[in-house]
Amino acid sequence: MNERATTVEGVRRTNLAEVLRLVHHSGPRSRAVITAETGLNRSTVSDLVGRLVEAGLVEEHEPDPTRRVGRPSPMVAASPGVVAIGVNPEIDAVELGAVALGGAVRERVRIPVEQPGVADVVEIVARVVDGWRDGALHGVRIEGVGLAVPGLVRASDGLVRFAPHLDWRDADIAGPLAAALGVDVVVGNDASLGARAERLFGAAREHEDVVYLNGGASGIGGGLILHGRLIGGVGGYAGEWGQTAASVADVADRRVDGGVLEDEVNRARLVQAAGLTAPDDAELRAALTASTDRAAMDETARQRRILAATLGNAVNVLNPAMIVLGGFLAILRDLDPDAFDEDVRRRALAASAEGLAISAAALGADRLLIGAADAAFARLLADPLG
């Protein structure tokens, strides 16, 4: 192939990737809108969309019948027939979701299991996915698997260096899972993938400077987005908010001498205070919202104070436009969001907190699965025709 042909094909692949990413991350839009947003001409967009339709990656639908001005333009949407599997192993369960291009969760399941090992997760995921292939996802293209792991994950190869609550050390889960399923597998830190999901599909879509904190059964992690880019650090280990020193202003609020944030702001303490055993986040939220028990109310108030102080420090250091809270951290805020948000602003410098927005994760319990699946789509989105 001559150099010019190679260059033309390279440009076409780049443009195909741009169009697919646009409808995947930003939703269905007309060819006319795609033309305006990409700066490409109409005939080029028509050709690109046709190629993506042929590849089964997008679908075209009739335009909105209420649109009466001008020539109608077909709507282009990501295909629901292409999915990635998001997986989140936790200390009490393994959650799986089949997430289609466009970010919609087609299937979801939570398998209770105590402190699963690598072999347990591989067996559970393989069993569930095989069942989906024979049933709900029959005929659907599975592009890959993304794992959101509560621990330190090496960015270069996905090795889980340390997931303390799962007791995984230098664990290779990508290799065994890829062999079991016959698809590519990517692995990342759960909170970083949650930040990715909220930035692309959720509460932080309109913001480029975001602090994200996620609270789960394994502790607290987080993600940092600056100028629209997820910051991973040298090895990919950035965002371990739970391992920072807890901001405890009143000694009476401390529960662990020398404890870190996740020792003090802790899901297990909330579960115990609510009198529950192994609730999901919806059950925990309902119990804490309805509780009139003084011990439970005191514990939630204590954790809210410490979390607000931590976020005030983050505002001073990073000056974000938005803070997004996921998991049980969102529950703590949502018990009285106005008072919580004001407490965060009060603990930060006034200039740094100007215009600050604070929100619960918009994607709820699906945030980690959507983030993991989006990571699994990365190769497809970079080169749709492979």
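Asp170 comes out partly exposed, at a relative accessible area of 46% (buried is under 20%, exposed over 50%, partly exposed in between, with a 1.4 Å probe and protein chains only). This is a predicted model, in which local features need pLDDT of at least 70, side-chain atom pairs count only at pLDDT 80 or more, and totals for chains, interfaces and linings use all residues. Residues are numbered from 1 along each chain as its sequence is written, and side-chain values use heavy atoms, leaving out hydrogens and water.

Asp170 is not a glycine, yet its phi is positive, about 45 degrees. Most residues other than glycine have a negative phi. Gln115, also not a glycine, has a positive phi of about 40 degrees. Gln115 sits in the loop between β6 (105-112) and α4 (118-134) and is partly exposed, with a relative accessible area of 42%.

Now for the sheet. Three strands form an open, antiparallel arrangement in the order β1-β3-β2, where pairing takes at least two DSSP bridges between two strands. β1 (29-30) and β2 (58-61) are the edge strands with a single partner each, so one side of each has no neighbour in the sheet. Helix α3 (residues 42-54) packs on the sheet and touches β2 and β3, contact being heavy atoms within 4.5 Å. The direction of α3 makes about 115 degrees with that of β2 (axes are lines fitted to C-alpha atoms, for helices over the stretch in contact, and angles run from 0 to 180 degrees between N-to-C directions). β1 pairs with β3 (residues 75-78) in the antiparallel sense over 2 bridges, and Ser30 has Met75 of β3 as its bridge partner.

Technical notes. Helices (H or I, at least four residues) and strands (E, at least two) are DSSP runs, numbered from the N terminus.
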